[in-house]
Amino acid sequence: FDSIGTGNSGNGTITESLSISLSVAARRRNVRFGSVRLCQFIFGKFVSFHNRMCMVRKPFFRKIIASASADKKVKVWDVATGQCKLTLEHHTEVVQAVEWNQYAPQVLLSGSYDCTVVLKDGRDPSHSGLKWSTNAKVESLAWDPHSEHFFVGFDIRASDLSPSFTIHAHDKEVSSISYNTNAPNLLATGSWDKSVKLWDLSNNQPSWVATHKPNAGRVFSVSFSADCPFLLAIGAKKGKLLVWDTLSDTAVSRRYGSNRP
């Protein structure tokens with residue numbers, strides 16, 4: 001899941017702190033999932049009924065996309081036909097983030113400004129699913145790519161639905177998070193405090209690894225590259241797309257250099 005909050009992996013409660021569980025942070029849309037202009041290109045007239053959209057492609061099914069929107073809905077689309085195949089209305093405020101589980105492609109996670117994260121199974125959309133409450137509006141979510149059961153800060157198997165941990169990561173809202181696909185437990189966070197930080201989440205005891213200040217204003221989006229996993233893309237207020245080679249940081253190289261592909 002893409003989240004910041006508390007837990008083994010995922011986003012957590014974050015207002016002006018980074019709760020490694022459920023990324024509840026800035027009210028800015030997460031750039032990483034696309035823009036309304038892109039959606040208009042793909043879906044044409046359908047977008048006019050589903051504004052301010054964020055999107056994520058379904059693992060292993062390239063023609064299926066999930067979208068979330070200010071209309072409080074989560075939709076699943078067939079890109080080939082441009083048709084909406086499923087509409088979910090389990091949130092009461094803007095839905096800011098959606099993430100498919102890469103181990104169970106039918107499982108979808110969504111985060112909303114109603115301060116909840118909901119897990120739904122597409123095979124039984126009428127089921128209420130699982131719901132986690134957070135202390136702030138959810139801006140970003142992320143599944144742990146190394147485990148099917150964790151999203152930042154939460155273990156979906158836990159009976160009490162409580163976070164595994166919480167950390168104060170930033171001085172202002174956390175807007176985006178991203179897991180490293182090569183180095184287990186390595187998480188990047190971006191914030192309105194104009195900084196990007198790296199965290200080691202090992203053993204549910206998160207520790208700070210490095211801080212990067214790109215001089216780009218408020219950070220709205222961070223994403224590790226799938227092909228070059230230690231390159232981190234950064235989108236921020238000043239309008240430039242920046243790329244940080246995280247291994248150029250001595251602390252990162254010392255700790256994770258052996259994970260270089």
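**Notes on the predicted model**

1. Ser-67 is buried, its relative accessible area being 0% (buried: under 20%, with a 1.4 Å probe and protein chains only). Ser-67 lies in strand β3, residues 61–68 (strands are DSSP runs of E, at least two residues; helices are runs of H or I, at least four). The side chains of Ser-67 and Trp-77 make a polar contact at 2.7 Å (a pair of N or O atoms within 3.5 Å, one able to donate a hydrogen and the other to accept it; residues adjacent in sequence count only if both atoms are side-chain atoms).

2. This is a predicted model: local features need pLDDT of at least 70, side-chain atom pairs count only at pLDDT 80 or more, and totals for chains, interfaces and linings use all residues. Residues are numbered from 1 along each chain as its sequence is written, and side-chain values use heavy atoms, without hydrogens and water.

3. An open antiparallel sheet has four strands in the order β6-β7-β8-β9 (strands pair if DSSP finds at least two bridges between them). β6 (95–100) and β9 (130–133) each have a single partner strand, so one side of each lacks a neighbour in the sheet. Five bridges join β6 to β7 (residues 107–112); Val-98 has Ser-110 in β7 as its bridge partner.

4. The largest nonpolar core has 17 residues, of which Leu-198 and Leu-232 touch the most other members (a core is a set of buried Ala, Val, Leu, Ile, Met, Phe, Trp, Tyr and Cys residues joined through side-chain atoms within 4.5 Å). β17 gives the largest share, three residues. A second, separate core of 12 residues includes Ala-97 and Val-107.

Conventions
Buried < 20%, exposed > 50% of the residue type's maximum accessible area, 1.4 Å probe, protein only.
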